[in-house]
Amino acid sequence: MQALNEEAFHQPHWMLRAKGFNTEDWYGRPQGGTAVERNGGIEEPNRTRLYQGRTVYYRFADANGSDDSKMGGGWWMEYDQLRKIMDGCAATGMNLSQMARHYLAVPWEWSHADLVITAVFQAPMDAYEGRGRPVEITGRYMGRNSVDAGRGYSGNRNVIQLFIPDMRKHWRQALTMVKTQDVRAFARTHRDIIRV
């Protein structure tokens, strides 16, 4: 069965976004001969089919965002990858939000990562998967923040990330059993792993 987002895999800019290229700059503003910014993304994205019906997928989001930016955001993960982030909390003393930003290479200017979204896919969707790339703090989007301590995020190369092209267009049809939870409340339900 064809994925709902099949068309996106025939549009090259989605692969570029998965790799961390800023295609909004590419299409939105003249570059004046400079290269398009690449920051973060997936090292070598591979296309994969997401499981339907039973597998729960997870996403860290910004609580201040719209539903389209929360549920329709492209970056997701499976539980075994989330577990790596949760396991890292005890070893480093970071809370779950800090650990997520650290392991997934997500600066504060991109997302506060203060919300955990869980969902099941009820319709066929494909994604790019792979190991995350480091992120440099630029301050271009929402300005620099002391939370990032002026440094970049190297990420954790053992965490496999999923980028779902055109998710914003399809999330209402694709997702079921959607639950949004404050990251602290989510962490409290995993006290056996995370010290809150």
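**Exercise 1. Find how many salt bridges the model holds, and follow the one that Arg 47 makes with Glu 6.**

Solution. The count comes to seven salt bridges, where a salt bridge is a side-chain nitrogen of Lys or Arg within 4 Å of a carboxyl oxygen of Asp or Glu. The model is a predicted one, in which local features need pLDDT of at least 70 and side-chain atom pairs count only at pLDDT 80 or more, while totals for chains, interfaces and linings use all residues. Residues are numbered from 1 along each chain as its sequence is written, and side-chain values use heavy atoms, with hydrogens and water left out.

Step 1: the side chains of Arg 47 and Glu 6 meet in a salt bridge with an N to O distance of 2.5 Å. Step 2: Arg 47 lies in strand S1 (residues 46-49) and Glu 6 in the segment before helix H1 (12-18), so this pair ties together parts that are 41 residues apart in sequence; helices (H or I, at least four residues) and strands (E, at least two) are DSSP runs, numbered from the N terminus. Step 3: Arg 47 is partly exposed, at a relative accessible area of 39%, whereas Glu 6 is buried, at 16%; buried means under 20% relative accessible area, exposed over 50%, and partly exposed in between, with a 1.4 Å probe and protein chains only.

**Exercise 2. Classify the aromatic pairs of Phe 9 with Tyr 128 and of Tyr 58 with Phe 186.**

Solution. Step 1: a search of the whole structure finds seven aromatic pairs, the rule being that rings of Phe, Tyr and Trp (its six-membered ring) pair if their centres lie within 6.5 Å, with planes under 30 degrees apart counted as stacked, over 60 as edge-to-face and the rest as tilted. Step 2: Phe 9 and Tyr 128 form a tilted pair, 4.9 Å centre to centre and with 55 degrees between the planes. Phe 9 lies in the segment before H1 and Tyr 128 in strand S5, so the pair ties together parts that are 119 residues apart in sequence, and both residues are buried.

Step 2: the rings of Tyr 58 and Phe 186 have centres 6.3 Å apart and planes at 65 degrees, so this pair is edge-to-face. Tyr 58 lies in strand S2 and Phe 186 in helix H7, so parts that are 128 residues apart in sequence are tied together; Tyr 58 is buried at a relative accessible area of 11%, and Phe 186 is buried at 4%. Step 4: ring pairs also link Trp 14, Trp 75 and Phe 163 into a cluster.

Step 3: Arg 47 returns here, since its charged end sits over the ring of Phe 9, 3.9 Å from the ring centre; the criterion is NZ of Lys or CZ of Arg within 6 Å of the ring centre and within 35 degrees of the ring normal.

**Exercise 3. Describe the largest nonpolar core and the contacts of Ile 85.**

Solution. Step 1: of the 20 residues in the largest nonpolar core, Phe 60, Ile 85 and Leu 96 touch the most other members; such a core is a set of buried Ala, Val, Leu, Ile, Met, Phe, Trp, Tyr and Cys residues joined through side-chain atoms within 4.5 Å. Step 2: strand S2 (56-61), helix H4 (79-92), helix H5 (96-104) and helix H7 (183-188) are the elements that give two or more residues to this core, and H5 contributes the largest share, five residues. Step 3: leaving aside neighbours within four places in sequence, Ile 85 is in contact (heavy atoms within 4.5 Å) with Phe 60, Met 77, Leu 96, Met 99, Ala 100, Tyr 103 and Leu 104. Step 4: apart from this core lies another, of 17 residues, among them Leu 162, Ile 164, Trp 171 and Leu 175.
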